[in-house]
Amino acid sequence: MSVKVDSLTKIYGSQRAIDSISFEVKSGEIVGFLGPNGAGKSTTMKIISCFTLPTSGNAFVNGIDILTDPVEIRRNIGYLPEHNPLYEDMYVREYLFFIAQLHKISGSYSKRVSEMIELTGLTPERHKKIQELSKGFKQRVGIAQALIHNPDVLLLDEPTSGLDPNQVVDIRKLIVDIGKTKTVILSSHIMQEVQAMCNRVIIINEGKIVADDKTESLVAKTDKGILIQVEFKKAIKRADLNKLKGLIHAENQQGKWLLKLNDIKSREFVFEFAVQTGNTILEMSPIRENLEQVFQQITNTKQ
Amino acid sequence: MFAIYLKEINNFFSSIIAYVVIIVFLVANGVFLWLLPESNIFDFGYASLDQLFELAPWVFMFLVPAITMRSFAEERKSGTLEIILSKPVSDIQIILGKYFANLSLVLFALLPSLVYFFSVYQMASPVGNMDIGGTWGSYLGLFFLGAVYVSIGLLASSLSDNQIISFILALFICFFFYSLLDMLRGLLLISPIDPFLEYLSINTHYISMSRGVIDSRDMIYFISFSALFLFLSRLIMEKRKW
């Protein structure tokens, strides 16, 4: 089942939250929606889930138009909103039962609730009130809520934000498992997260799509050169750095040098360079490229 | 709609909200009816529940906004509104579910006060010598009055994500339609529209019902007034889309 978004625009007051966005997601795809805060990820999801209407443009879920039959679309969508809102004073089972009722799912509600509790690993916490759960378990309740009616399309808005690393791994695994048979769109502002889960990435910035590609090819694009931070014992002059082979760019950051090198093998040239100039390396560490750098690269290559 | 109704009812009774509302309603009215000098039924000397029916609209004026204020305000603030609105239910189903749940609570508060009715009935001399038609009419009127208050409360709750603002707003609108309109009627300049104001006032129809005559005009007034406020709530909820 597919999701199709056609030149969607949403204007809040004078601000363009999203600006004629178009993309299509096919069944079995896990698409990562990547962008900094305020880029328009949540707005797009809110429109697809029929919570709000676009200013112009249209979106289709399974070929159904969001403007004509929102209730039918909501039947086929599982949506985890940002910040995972929950009825804190309900019990886990009670809450999931309520959601099952809202969906009028076929078959026994109680049985389905038990299935979901098992699937999302909530079994030890099933008799607790939601407000008593840890953040990771609350997130599982949110995901269970989105999955209970076995939707074709899943919209997950920052599903792992605020979780500790172990919980992140668990939730990611859960999403990847689910995503084998469904269309999943998830948003995130962490590159590594999208890399870990998605087979396709859509990067959105200031309401516009700046990249839409397979994860591998996008990573390959941004992997031109590596970034390392080096601390030399003795101060070095910028002119001396010309002797360093494989160097693309260098920047002095409070005594430490941020070096951009051609590839990972060029690291040994840094040692050779230190030896040649009679210097010593105190520290050398790789720098993970953050989203901003990815953006810069992508927007640069486009121009 | 039924799922939402059940959830709200569960929420009222699994927290202490419902019990507080019911007890406060009974105690406040009971004190005036049985205890306080001047107003108590023994000094009054007649077997009637007039004191109860005079006071109850004022008690509801505070209690009903207090139970409705969280309906949408809380959901909006905590974001859960986005959860239910992404489920296959329409806005009007959500509003009606909440409306009937709150209205049920009003009914649950009213029901135990039948004990007062029964006591007065037994104390009358001879037993049962009271205006039974008028009492039932008053009860029905009180229920419909509660129904309008609840719809006003829901509208106020949909207007703000702050519960206190919702409460005060609902209190004021209830006061306006119950009492202030009547007071305004006395003012000189607007006398030509007096009949219109009289028609709009909740009190007019409440008193008319308490005579024991179930007039379809009063019923239509109460039902259409509730519907109007619910419709306005729906418009406010639609606003999220723009």
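Author: The model shown is predicted. We may begin with A:L96, whose contacts, neighbours within four places in sequence left aside, are A:V113, A:M116, A:A144, A:Q145 and A:I148.

Reader: Which residues touch the most other members of the largest nonpolar core?

Author: The general idea is that nonpolar side chains in soluble globular proteins tend to be buried together. Here the largest nonpolar core has 129 residues, and A:L96 and A:L155 touch the most other members. The element that gives the most to this core is α9(B), with 12 residues. There is also a second, separate core of six residues, which includes A:L244, A:L259, A:V270 and A:F273.

**Chain A as a whole**

Reader: How many helices and strands does chain A have, and what is its domain assignment?

Author: Chain A has 10 helices and 14 strands. The assignment gives domain 1 as residues 3-221 and domain 2 as residues 223-302. Their C-alpha centres are 39 Å apart. The C-alpha trace of chain A spans about 75 × 45 × 35 Å along its principal axes.

Reader: What share of the residues in chain A is buried?

Author: Of the 303 residues in chain A, 37% are buried.

**A covered strand**

Reader: Which strands pair with β8(A), and in which sense, parallel or antiparallel?

Author: Strand β3(A), residues 30-34, runs parallel to β8(A) and is joined to it by five bridges. In this pairing A:G32 is opposite A:L186. Strand β7(A), residues 153-157, also pairs with β8(A) in the parallel sense, over five bridges. There A:D157 is opposite A:S187.

Reader: Which helix forms a β-α-β unit with β7(A) and β8(A)?

Author: It is helix α6(A), residues 165-179, and the unit of β7(A), α6(A) and β8(A) is right-handed.

**An open sheet**

Reader: Why is one side of β2 and of β5 of chain A left without a neighbour in the sheet?

Author: The sheet in question is open, with four strands of chain A in the order β2-β1-β4-β5 and antiparallel pairing. Strands β2(A), residues 15-25, and β5(A), residues 64-65, are at the edges; each has a single partner strand, so one side of each lacks a neighbour in the sheet. Strand β1(A), residues 3-12, pairs with β2(A) in the antiparallel sense over seven bridges. Within that pairing, A:K10 is opposite A:I18.

**Backbone exceptions**

Reader: Which residues of chain A have a positive phi although they are not glycine?

Author: Most residues other than glycine have a negative phi, and most peptide bonds are trans. A:N62 has a positive phi of about 55° and is in the loop between β4(A) and β5(A). A:N62 is partly exposed, with 17 other C-beta atoms within 10 Å. A:H83 has a positive phi of about 65° and belongs to the loop between β6(A) and α3(A). With 15 C-beta neighbours inside 10 Å, A:H83 is likewise partly exposed.

Reader: Where is the cis peptide bond?

Author: The cis bond joins B:S125 and B:P126, with omega about -10°. B:P126 is in the loop between α8(B) and α9(B).

Reader: Which residues of helix α5 of chain B are buried?

Author: In α5(B), residues 70-78, the buried residues include B:S71, B:F72, B:A73 and B:E75. Among the elements that cover the buried residues of α5(B) are α4, α6, α7, α9 and α10 of chain B. Just after α5(B), B:G79 takes a positive phi of about 90°.

Reader: How many residues does each chain bring to the contact between chains A and B?

Author: The contact takes 19 residues from chain A and 18 residues from chain B. On the chain B side, α6(B) gives the most, with five residues. The residues of that side divide into seven nonpolar, six polar and five charged.

Technical notes
Residues are numbered from 1 along each chain as its sequence is written. Chains are lettered from A and ligands numbered from 1 in the order in which they are written. This is a predicted model: local features need pLDDT of at least 70, side-chain atom pairs count only at pLDDT 80 or more; totals for chains, interfaces and linings use all residues. Two strands pair if DSSP finds at least two bridges between them. Helices (H or I, at least four residues) and strands (E, at least two) are DSSP runs, numbered from the N terminus. A crossover is right-handed if, with the strands pointing away from the viewer, the path from the first strand over the helix to the second runs clockwise. A residue is buried if 20 or more other C-beta atoms lie within 10 Å of its own, exposed if 12 or fewer, and partly exposed in between; C-beta atoms are placed from the backbone. Two residues are in contact if their C-beta atoms, placed from the backbone, lie within 7 Å. Ala, Val, Leu, Ile, Met, Phe, Trp, Tyr, Cys and Pro count as nonpolar, Asp, Glu, Lys and Arg as charged, and the others, Gly among them, as polar. Domain bounds come from an automatic or database domain assignment. A nonpolar core is a set of buried Ala, Val, Leu, Ile, Met, Phe, Trp, Tyr and Cys residues joined through C-beta atoms within 7 Å.
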